[in-house]
Amino acid sequence: MKKKTGTKSVISTTPEGSSSNVTHDIHSTVFPYFSSWQKSHGKVFVYWLGTEPFLYVADPDFLKKMSGQVLAKCWGKPSVFKRDRDPMFGNGLIMVEGDDWAMAGLMVDSTTKMLDKWATHINSGNPEIDVEREITATAGEVIAKTSFGISYDNGRLVFEKLRSLQMTLFKTNRFVGVPFSKLLCPGKTLEARRIGKEIDQIFLSIVNARKESINQGQLQTDLLGLLLKESQVGGKGRTLSSRELVDECKTFFFGGHETTALAITWTMLLLAEHQDWQNVLREEVREVIGDKEVDATLLGGLKKMGWVMNEVIRLYPSAPNVQRQARGDIQVGDQTIPKGTNMWIDVVAMHHDPALWGDDVNEFKPQRFKDDIHGGCKHKMGYLPFGFGGRMCVGRNLSFMEYKIFLTLILSRFSFKLSPNYSHCPAIMLSLRPTQGLSLILQPL
Ligand code: HEM
C-alpha cells in the first residue's frame, strides 16, 4: 500500500467490488492536521488560526447539543455571508411555478452542447477527456443563465476569473483565513485583489443593466430579479446597495455552480470505478426517461440516482466544512462557548467516521440511502452535505435537478472508465476538488 498526503496521489490496495486502486479514505489527506490532532485531542477541541481561536467540532452529538441552544438567527458566519439571508431567500430558494421547467430546459441545452463537444473530440480519435473542467464550466454557464440571465460569454468570463481567483488564493497559500497572512504573500494578495475587482466590475455592469431594464418596465423572475424585487422599497427586505447586490451575486454564482459540478465530477469517478452502478443507473434512465425529453417532472423517478448522489456527497462532500460564529454565549452541558467564538465543523471527518457509519465507511455503497435519508448514519447530525439548521443550503433542490439532468444525458450517450493517467489527488481549495482534474476514457453508446 502506498499513501501520501497533501496534493500528492493517494493509492491503496483495491477495495472489494471496485475495479481501481483509488482509496476513499481521504480525511487524513485533505485535512492532515485535524486528522492528527483528533488522535490526541478528540473530536472537539480549540485551535488557533494566527490570533483567532476556533472551536473544531467533528462530534455530531456535541453539534446537536450546541445547535439545540441556538436559534437560527443567533448563528453568524466568520467570513462569508455576513448579512442575514432571510430577506432574500427565506427558507429556501423561491421559484415561481414553471421556473423549474424553464431551468431544466436551459440545463438540458447546455449539457447537450457539452456532450456534442465530447462526441466531436472522441470522433477525432481522442477518447480521453478531463471531464472536471468541462463539467464545472458548463455548470457555471447554467447558473449564469438561470440566475442572472447573462450571456454565455459573460458567464464564461466570470467563471474563468473566479477560477483563477480561487487558484491564486488556494493553490499554494496555506494561510488563507490567518490574520495578517496577507503580509506574508503580498504578490498573491495584489493579484487576488485585481481579479476580485474585475469580477466585481462584471457583476456591477450586470446589476446596473438589469436595474435599467426594470426601470423600463421589463421584469425577469430569475435570481437577480428576485434579489432586486426583495431589496426594493415594498419588498420584504431592506434596500440593498449595488455593492451588496454584487456580493450576493458572487456568493450565489460561486456556491451555485461549483458544488454541484463537483458532485457530478466525483460521481463520474465513482461510476468509472464501479461499472456495475454505471449500468444500474443507465438502466434506470432507460426505464424512467426512455425516449422522452428530459424534464423536471420525470426526474423524481430516478430514485437510484438520488441514492448515488447522496453517497457521493457523503464520501466527497463538495463543501467539506461548515463554519459558524456564536452571536451569544452558548451553553453545552457544563461548558460555555463564549460569544464571538468561531466554529469549524469538519464534515469530511464525520462522513468518514467508522463509529458513525460502520467498518465499510470508506466504501461506495449507494444502497445505504435506499430506505434512509441519513444513509444509516448512527447520528442524524453525522451527515451534513448541505449544512444544518436555519443556514442550510438554499440550492438543494436545484442541485438535485441539475445533477440528475447532467447524469441522465451523460449516461444515455457514453460509457466511461478511468484513464490510466488519472491521479487521485483530492484537496481542499475552498471546496473539495480533484486537483489533477478527472481524466476519463469515454466510449459513445
Ligand atoms: C451538491 C450541491 C451543493 C452542496 C453540496 C451545497 C452545500 C452547501 C453548504 C454546506 C452550505 C453551507 C450551509 C451551512 O452553513 O449550514 C451552502 C450554502 C449555500 N448554498 Fe449550497 N450547496 C450546493 C448547491 C447549491 C446551489 C445549486 C445553489 C444555488 C443555486 C446554492 C446556494 C447556496 C447559498 C446561497 C448558500 C448560503 C446560504 C446561507 O449561508 O445563508 N448551493 N451550500
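A: A crossing is right-handed if the near helix is turned clockwise from the far one by less than a right angle, and left-handed if anticlockwise. In this predicted model, α6 passes α11 in a right-handed crossing.

Q: What describes the packing of helix α6 and helix α11?
A: Two packed helices are described by the angle between their axes and the distance between the axes. For α6 (residues 131–148) and α11 (residues 242–273), the angle is about 145° and the axes are 8 Å apart.

Q: How do you know which residues in α6 meet α11?
A: Two residues are in contact if their C-beta atoms lie within 7 Å. In α6 the residues that meet α11 include V131, I135, A139 and F148; on the α11 side, F252, G256, A261 and M268 are among them.

Q: What makes up the contact of α6 with α11, by residue class?
A: The contact divides into 12 nonpolar, 7 polar and 2 charged residues.

Q: Which residues come nearest to the ligand?
A: Of the 24 residues around the ligand, G256, T259, G387, C393 and G395 come nearest. Two or more shell residues come from each of α11 and α17 (396–413), and the largest share, 7 residues, is from α11. By class, the shell holds 13 nonpolar, 9 polar and 2 charged residues.

Q: What share of the protein is called buried?
A: A residue is buried if 20 or more other C-beta atoms lie within 10 Å of its own. Of the 445 residues, 38% are buried.

How values were computed:
Residues numbered from 1 in each chain as written. Predicted model: local features only at pLDDT ≥ 70, side-chain atom pairs only at ≥ 80, totals over all residues. Axes fitted to C-alpha atoms, helices over the stretch in contact; angles between N-to-C directions. Helix = DSSP H or I, 4+ residues; strand = E, 2+ residues; numbered from the N terminus. Nonpolar A, V, L, I, M, F, W, Y, C, P; charged D, E, K, R; others polar. Buried ≥ 20, exposed ≤ 12 C-beta atoms within 10 Å, placed from the backbone. Near = placed C-beta within 6 Å.
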